[in-house]
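Please look over the chain shown below before reading on.

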Amino acid sequence: MTSSNLARAATFSPDHEQEFVLNLADVEAGMFPLVGGKAANLGELIRAQLPVPAGVCVTTEAYRVVAASARIDFEALAAAPVEQVDVLARQAREALMAAPVPFSIIRAIEEAYVRLGDNAPVAVRSSATAEDLPNASFAGQQDTYLHVIGVSAVLDAVRRCWASLWTERAVVYRTKNGIDHRSVRLAVVIQRMVESVVSGVLFTANPVTGKRRQAVIDASPGLGEAVVSGAVNPDHFVVDTETRQILERRIGDKRFQVRSLRGGGTAHVEVADSSTEPCIPDTQVRALAMLGDRVEAHYRAPQDTEWAIDATGKLWLTQARPITTLFPLPAGARPEKLSVYFSFSVAQGVNQPMTPMGLAGFRLMASAAARQLGIRVDNPLNGPPTYAEAGQRIFMDLAPVLRGRVGRELMPRVLDVMESRSAALVRQQIQDPRLSITHRSPFLFLRRVIRMALRFGVPLQLMRALAQPGLVHARIRQQEVDLTGRLTLPDSAGALQRLNFVEQVLLEGVVPLVPLALPSAILGMGLHGLAGHLLGGEAQASELQAVLRGLPNNVTTEMDLALWALAASLRRDEACCRVMRDTPPAELARQYQLRTLPPHAQQQLGEFLTRYGHRAVAEIDLGVPRWADDPTHILGVLSNYLRLDQTEASPDAVFARGAAEAEAMIEKLAARARRRGLLRGALVRFALGRARQLCGLREIPKYYAILVLAAARRELLRVGRELSRQSRIQTPSDVFFLNLSEAREALMGRDVLALIEERQRTHEVELRRKRIPRILLSDGTEPEMRITETASANSLAGTPASAGSVTGIARVVLDPVGARIEPGGILVAPSTDPGWTPLFLTAGGLVMEMGGANSHGAVVAREYGIPAVVGVPEATVRIRNGQKVTVDGAAGTVSIVAE
């Protein structure tokens, strides 16, 4: 601290007594608000009798007192966009550096430093209350000063640590992680320096592959700053924690070292002749792995640690924090018993986490499906044995299926058309000797399938679909009418009755709907494949795909075209069109709920939502508002439609043209087949004609399921209103952060407010998670992380989904709500579900990170004639918004056009 700052400090004192400095040995994990993340962890390690250098903590109370006079403009920081925080952050730093420090704080720091030794070299390290958290480590966001000697230097380093809470990188990191700047304070750790001969970092789980019980160590001579900052290529070791076997050993060049200077501070020193020998022997590598194992066992979670070895060979821990990048494992996952968890959420085009009530609903539906297959389910509320949850997403354990000969053959093929990259990963796992076949006979599987088929009258349905598909369509329409009539309870029903209804309808009312249309759709796809087989080399894949353009009887495309027709209707009323185009969607939604939209818009939108208001983005989650609840998204899409140039080819005309071209292609292909025989030509025409009539029905089972989920949500909201009336929860929608059992207990008087608040915080954290593994093993390994991509920087490879080639401007969309695709733009998305498809009407092409040739987005793209490539790894990261790209839907490639 400078002399002028010391003079100002002496004139200022706190208005009440506080403990400004604590011994690290007295710090407990529960003191986190007072000492910050780093100090809390170090104190916890000391109390666990782990080797941590002695030190003290200047508490957040000291920072609070100093910062109170700095007058930091929190409002401006909160309102500023990320790209404009640098000036405000610099002002905050300058204010803290200039603020007076009370004499009592200076004295407390001086006395604590003296207790550490006479002019002892120390490390002065920031310890923020938004640091080393289970969900965000904030590693490296605040400053650390090494080999600090003398009282004056220590005081100055403490002040600089306080100011580092407001570096641009720290402010941006907090903003992106949704942490209020006002809530963050900073403590400072002053700790005896370890004059390390060797130091580095240790992860107790592999941070690249995710594998638990595998220690990863980076080591280099000198202070650990060289490794942490990335200034050196360290020696690298991977150790099996269970067997202590060193699995990997890679020697770095270690050309730089960070060394302590005699008078204080450090220097980066270049080493002319770096050694080709490891800087630590195998015995110390294993000792480090075992020390990391002790740390992980104490915290019961994988840890990222920093360590040092002094001249005597003693090993020290200088830091530990959670590894926040690891995807959480499902409860009950056991590394010694291999499970292969497949992300059902990803397969459904849902990246976002599900609400607790949404997960509870899926457990019931999964239990119902398992029981239909003859699988024992002890408690339907817990789900079947193969059901799992992690990161608030749904997973299914494929290991039992892959241990059977039939499952091993069928599962990868099913995933080929559903989620192609998952299929490749499953084929990779089949080679694992831990997944050896235990069920060789196919008879059990066949018996279950035949029993289900007979129970639901599938043979009769297939014959009816083959002979008279019109009767199948009529029966499906009547089923929707009947289903809708069964999904409403009287107003007199009580809250417990409504919960019972939700449980019953999810357990008994969804799974039986699947066989009503799915067999006919599968028959249609089979007939399409049969025609291709009969044609042999007479037809190209793109020609067969063209037959499926403009498919009739698809509820999703019918919905999209109905929305376009609504826009066309509004366009004919100039005044109405102007209001709908120029008013923000959120305001339009508010006016719709108040019934104050222009009369024509109010009526037309009401009719659309009466038919399709049960749908939504991520609609498989009970907790997600339906369009009828909040039509903001649909109104945003309508506004965008109304802004389009009317000279653009309208999607309804494009769809009709695609249907006409498909019928013409059937005749063309039948004529080719007829050259090889009249019967063959007739069979090709019949098979392709039936395929067009039946393939569109693939959307019906999910459509029915969403009708049921929307009805269940409606009843749960009424339960939520009752709980809110009783002040058991704050708002009716909070009921979706409980499960069904907890909602019952809340109605009986249980206090659930703290539980809901905790789950909402966790949900917010999960919403920011960027990567969801397609496949996750029970030891934490994410097999996809081990795949080496061969595509170049300007060429991405995926799975062909819809033939054709198009060049356009990429529009990277992570959330369709509020998104706009200019005509001809290339939609680049992580995945899609029916809630995304209104964007398809104006898109010129589609690129998805997830999906297979018959995933939802691929099918709809083919029907609209949009070139599409799916299963493109990290497409939303590797393609930038506004780049020009070429999508080749036949080759399965996406090329970034050079600017």
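A residue is called buried when its relative accessible area is under 20%, exposed when it is over 50%, and partly exposed in between, with a 1.4 Å probe and protein chains only. This is a predicted model, in which local features need pLDDT of at least 70 and side-chain atom pairs count only at pLDDT 80 or more, while totals for chains, interfaces and linings use all residues. Residues are numbered from 1 along each chain as its sequence is written, and side-chain values use heavy atoms, with hydrogens and water left out.

**The chain as a whole**

- Buried residues make up 54% of the 899 residues in the chain.
- The chain holds 33 helices and 25 strands, where helices (H or I, at least four residues) and strands (E, at least two) are DSSP runs numbered from the N terminus.
- A compact globule of 899 residues would have a radius of gyration near 29 Å, and the chain agrees with this because its own value is 32 Å; the radius is taken over C-alpha atoms, and the globule rule is 2.2 Å times the number of residues to the power 0.38.
- Along its principal axes, the C-alpha trace spans about 100 × 65 × 60 Å.
- The chain exposes about 38,400 Å², of which carbon and sulfur atoms supply 53%; accessible areas come from the Shrake-Rupley method with a 1.4 Å probe, and for residues only the protein chains shown count as cover.

**Cavities**

- Rolling a probe the size of a water molecule over the atoms shows where empty space is left.
- A cavity is a set of points, on a 1 Å grid over the protein atoms alone, where a 1.4 Å probe fits but cannot get out, and its lining residues have an atom within 4 Å of a point.
- Grid points are joined across faces, edges and corners, and a volume is the space filled by probe spheres set on the points.
- By this rule, the count comes to four cavities of 30 Å³ or more.
- The largest cavity holds about 60 Å³ of space, and the residues that line it include Val-637, Tyr-641, Arg-820 and Thr-842.
- By class, the lining of the largest cavity has seven nonpolar, two polar and one charged residues, where Ala, Val, Leu, Ile, Met, Phe, Trp, Tyr, Cys and Pro count as nonpolar, Asp, Glu, Lys and Arg as charged, and the others, Gly among them, as polar.
- The second largest cavity has a volume of about 40 Å³, and among the residues lining it are Pro-207, Thr-325, Arg-771 and Glu-782.
- The lining of this second largest cavity has four nonpolar, three polar and two charged residues.

**An enclosed helix**

- Helix α32 (residues 856-864) is largely enclosed by the rest of the structure, because nine of its nine residues are buried.
- Those buried residues of α32 include His-856, Arg-862, Glu-863 and Tyr-864.
- The cover over the buried residues of α32 includes the helices α21 (541-546), α22 (555-571) and α27 (651-674), together with the strands β19 (799-802), β22 (845-848) and β23 (868-870).
- After α32 comes Gly-865, whose phi is positive, near 75°.

- Most residues other than glycine have a negative phi, and most peptide bonds are trans.
- Arg-213 is not a glycine, yet it has a positive phi of about 60°; it lies in the loop between β6 (196-203) and β7 (214-221), and it counts as partly exposed because its relative accessibility is 21%.
- Gln-392 is also not a glycine and has a positive phi of about 60°; it sits in the loop between β15 (387-390) and β16 (393-397), and it counts as buried because its relative accessible area is 16%.

**Separation in sequence and in space**

- Asp-815, in the loop between β20 (805-812) and β21 (826-829), is partly exposed at 45% relative accessibility, and its C-alpha atom is separated by 9.9 Å from that of Ser-831, 16 residues apart along the chain.
- Glu-61, found in helix α3 (residues 60-67), is buried with a relative accessible area of 9%, and Glu-61 and Ala-333 are 272 residues apart in sequence and 42 Å apart in space, C-alpha to C-alpha.

Notes: 1 Å grid on protein atoms, 1.4 Å probe; cavity = no way out; pocket = protein on both sides within 12 Å on 5 of 7 lines; lining within 4 Å. Contact = heavy atoms within 4.5 Å.
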